[in-house]
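Here are a few friendly notes to read alongside the structure, for anyone who is meeting it for the first time. They take up the helices, and then some single residues.

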Amino acid sequence: MFIIDELDKRILQQLQKDASLTNHELALRVHASPPTCLRRVKRLTDEGIIARQVAILDTARLGAGLTAIVEITLDHQATEKLLEFEQLVAQEIAVQQCYRISPGPDFVLVIQVADMAAYHALAHRLFATHANVRNVRSFFSILRSKFETGIAL
């Protein structure tokens, strides 16, 4: 079991806010020496606590302003059928998140596309042509009032 101490938590909190900080800037913010900070970040990364570092883009400014939250129910829920569907949606860059859930539908997807025409094309490609998809229920965001990526530590 990997133990996270208070310094690790401070490092993770700062990186969740801004992963582009230099090691020196990060060390100043968490009140640690730069070598200690560098070792800690490397260890957190090696242990898989820091899974990856990415840039969060402004979807509206890039022309991907339609967010769809989609519930999917499959006809057959055998493990291999669930994995097959997960592999199908994993190939679509517009599918930002895929959750296998219970109870209710089998999956909830979060999809980001340019517009309704792009959603329709994706829905046809992923859902209408997939024999095991029984039901699709789509919800379209009219306003995103909160979007955070950080978790409480």
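1. Let us begin with a word on angles: two axes that cross at 65 to 115 degrees count as roughly perpendicular. Please keep in mind as well that this is a predicted model.

2. With that in hand, look at helices α1 and α3. Their axes come within 10 Å and cross at roughly 80°. α1 and α3 are therefore roughly perpendicular to each other. On the α1 side, the contact is made by Leu7, Asp8, Ile11, Leu12 and Leu15. α3 brings Thr36, Cys37, Arg40, Val41, Arg43 and Leu44 to it. Sorted by class, the residues of this contact are seven nonpolar, one polar and three charged.

3. Next come α1, which spans residues 6–17, and α2, which spans residues 23–30. The axes of these two helices come within 10 Å, and they cross at roughly 125°. That angle makes α1 oblique to α2. As for the hand of the crossing of α1 and α2, it is right-handed. From α1, the residues Leu7, Arg10, Ile11, Gln14 and Leu15 meet Leu26, Arg29 and Val30 of α2. Five of the residues in the contact of α1 with α2 are nonpolar, one is polar and two are charged.

4. By class, the contact of α2 with α3 holds seven nonpolar and two polar residues, with no charged ones.

5. Which residues of α2 are buried? They are Leu26, Ala27 and Val30. Because these residues cover an arc of only 100° around the axis, they sit on the same side of α2. What covers them includes α1 and α3, the latter being residues 34–46.

6. Do have a look at what follows α2. The next residue is histidine 31, found in the loop between α2 and α3. Is histidine 31 buried or exposed? It counts as exposed, because its relative accessibility is 69%. Its phi is near 60°, which is a positive value in a residue other than glycine. As background, most residues other than glycine have a negative phi.

7. The bond from serine 102 to proline 103 is cis, and its omega is near -10°. Where does proline 103 lie? It is in the loop between β2 (95–100) and β3 (107–113). For context, most peptide bonds are trans.

8. Glutamate 84 is found in helix α4, residues 79–90, and is partly exposed, with a relative accessible area of 37%. Glutamate 84 and asparagine 132 are 48 residues apart in sequence, and their C-alpha atoms are 9.8 Å apart in space. Alanine 55 lies in the loop between α3 and β1 (66–74), and it counts as exposed at 64% relative accessibility. From alanine 55 to alanine 19 there are 36 residues in sequence and 8.5 Å in space, C-alpha to C-alpha.

9. One more pair to finish. Isoleucine 151 lies in the segment after β4 (133–140). With a relative accessibility of 58%, isoleucine 151 counts as exposed. How many residues apart in sequence are isoleucine 151 and leucine 109? They are 42 residues apart in sequence, and their C-alpha atoms are 20 Å apart in space.

Terms used:
Residues are numbered from 1 along each chain as its sequence is written. This is a predicted model: local features need pLDDT of at least 70, side-chain atom pairs count only at pLDDT 80 or more; totals for chains, interfaces and linings use all residues. Side-chain values use heavy atoms; hydrogens and water are left out. Axes are lines fitted to C-alpha atoms, for helices over the stretch in contact, and angles run from 0 to 180 degrees between N-to-C directions. Helices (H or I, at least four residues) and strands (E, at least two) are DSSP runs, numbered from the N terminus. Angles under 35 degrees count as roughly parallel, over 145 as roughly antiparallel, 65 to 115 as roughly perpendicular and the rest as oblique. A crossing is left-handed if the near helix is turned anticlockwise from the far one by less than a right angle, and right-handed if clockwise. Contact means heavy atoms within 4.5 Å. Ala, Val, Leu, Ile, Met, Phe, Trp, Tyr, Cys and Pro count as nonpolar, Asp, Glu, Lys and Arg as charged, and the others, Gly among them, as polar. Buried means under 20% relative accessible area, exposed over 50%, partly exposed in between (1.4 Å probe, protein chains only). The arc is that of the directions from the helix axis to the C-beta atoms.
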